[in-house]
Amino acid sequence: MALLEVENLSVRFGGIVALDSLSFSVEPGQICGLIGPNGAGKTTLFNVVSRIYQPSSGRLTFDGNDLLKAGPSTISRLGIFRTFQNLALWPGLTVLENVMVGAHTKGKVGFGAGVLGVPAIAEDRRLATRSYEILSELDLADLAFRRAAGLPYGTLKRIELARALAGEPKFLMLDEPASGLAHSEVDDLAELIRRLRAQFDLTLLLVEHHMAMVMALSDHVVVLDFGRKISQGTATEVARDPKVIEAYLGTAA
């Protein structure tokens, strides 16, 4: 059974159709690439799965649960986490504290209580230890007690990924994780994603404009254009599809 099922999902903002009867599924353990030109609806779908947007129609299920009946606070408890196209870190907090934001979704003590040093610190120490271990896995442990402000962009991207992993996700949505990275950093990120998928038993939905990275990583690729699905299949099948070539280049080859 698919882990994520998207069925005839539509999102409208006034007269603008952001998603138009979109259907596809993501199997457990897959890396599913979601691609398309700017404005195709990729981030809109992320925002629906994250329960930021409410669709106009359609169904959305995750691991047998009706996501459209869930609130944003429920998503993390189901094991759904995401990164953002634009960084969403707290510059004034340390790297470790930023990662602990993700870890606290699995704890009984709120993040604010943990950071401010309110009693019941045993759990907070456990979560801090877990967060530090994840930073070590991403070669970031030496930065744990540095503030996030002023760190290199590529490093901040990894910190955001570490924060998502701290929540123990089943399903991780990566929104343009390679944007702004140098070519060598993109290659390193692709290797890291492969390793983390195996190590953390992840299913991933990947939105990315670096086509070589998407095609190399993805088990399955879904292509959107103006909110509609125009193609899906393996990377090779999608790359040869005339509809995909037309959407990207403006002419069928």
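Biologist: In this predicted model, what makes helix H3 and helix H6 a packed pair?

Modeller: Helix H3, residues 95–103, and helix H6, residues 153–166, pack with their axes 6 Å apart and at an angle of about 35°. Their crossing is right-handed. On the H3 side the contact is made by Val95, Asn98, Val99, Val101, Gly102 and Ala103, and on the H6 side by Ile159, Ala162, Arg163 and Ala166.

Biologist: How do the residues of that contact divide into nonpolar, polar and charged?

Modeller: Seven are nonpolar, two are polar and one is charged. Arg163 of H6 is one of the contact residues, and Arg counts as charged. Gly102 of H3 is another, and Gly counts as polar.

Biologist: Which residues touch the most other members of the largest nonpolar core?

Modeller: Leu138, Leu165 and Leu172 do, in a core of 49 residues. Leaving out residues up to four places away in sequence, Leucine 172 touches Phe81, Arg82, Leu161, Ala164, Leu165, Leu202, Thr203, Leu204 and Leu205. Another core, of 31 residues, lies apart from the largest one, and Leu19, Val48, Met173 and Val207 are among its members. In soluble globular proteins, nonpolar side chains tend to be buried together.

Biologist: Why is the pair of phenylalanine 13 and tyrosine 53 called edge-to-face?

Modeller: Two values decide it. The ring centres are 5.2 Å apart, and the limit for a pair is 6.5 Å. The planes stand at 75°, and an angle over 60 degrees counts as edge-to-face, so the name applies. The count of aromatic pairs comes to three.

Biologist: Why does this pair tie together parts that are 40 residues apart in sequence?

Modeller: Phenylalanine 13 lies in strand E1, residues 4–13, whereas tyrosine 53 lies in the loop between helix H1 (42–49) and strand E4 (57–62), so the pair joins parts 40 residues apart in sequence.

Biologist: Why does alanine 2 count as buried?

Modeller: Its relative accessibility is 9%, and the cut-off is under 20%, so alanine 2 counts as buried. Alanine 2 lies in the segment before E1. Apart from neighbours within four places in sequence, alanine 2 is in contact with Ser25, Val26, Glu27 and Pro28.

Biologist: What separates the C-alpha atoms of alanine 2 and methionine 100?

Modeller: They are separated by 30 Å, and the two residues are 98 residues apart along the chain.

Methods:
Residues are numbered from 1 along each chain as its sequence is written. This is a predicted model: local features need pLDDT of at least 70, side-chain atom pairs count only at pLDDT 80 or more; totals for chains, interfaces and linings use all residues. Side-chain values use heavy atoms; hydrogens and water are left out. Axes are lines fitted to C-alpha atoms, for helices over the stretch in contact, and angles run from 0 to 180 degrees between N-to-C directions. Helices (H or I, at least four residues) and strands (E, at least two) are DSSP runs, numbered from the N terminus. A crossing is left-handed if the near helix is turned anticlockwise from the far one by less than a right angle, and right-handed if clockwise. Contact means heavy atoms within 4.5 Å. A nonpolar core is a set of buried Ala, Val, Leu, Ile, Met, Phe, Trp, Tyr and Cys residues joined through side-chain atoms within 4.5 Å. Buried means under 20% relative accessible area, exposed over 50%, partly exposed in between (1.4 Å probe, protein chains only). Rings of Phe, Tyr and Trp (its six-membered ring) pair if their centres lie within 6.5 Å; planes under 30 degrees apart count as stacked, over 60 as edge-to-face and the rest as tilted.
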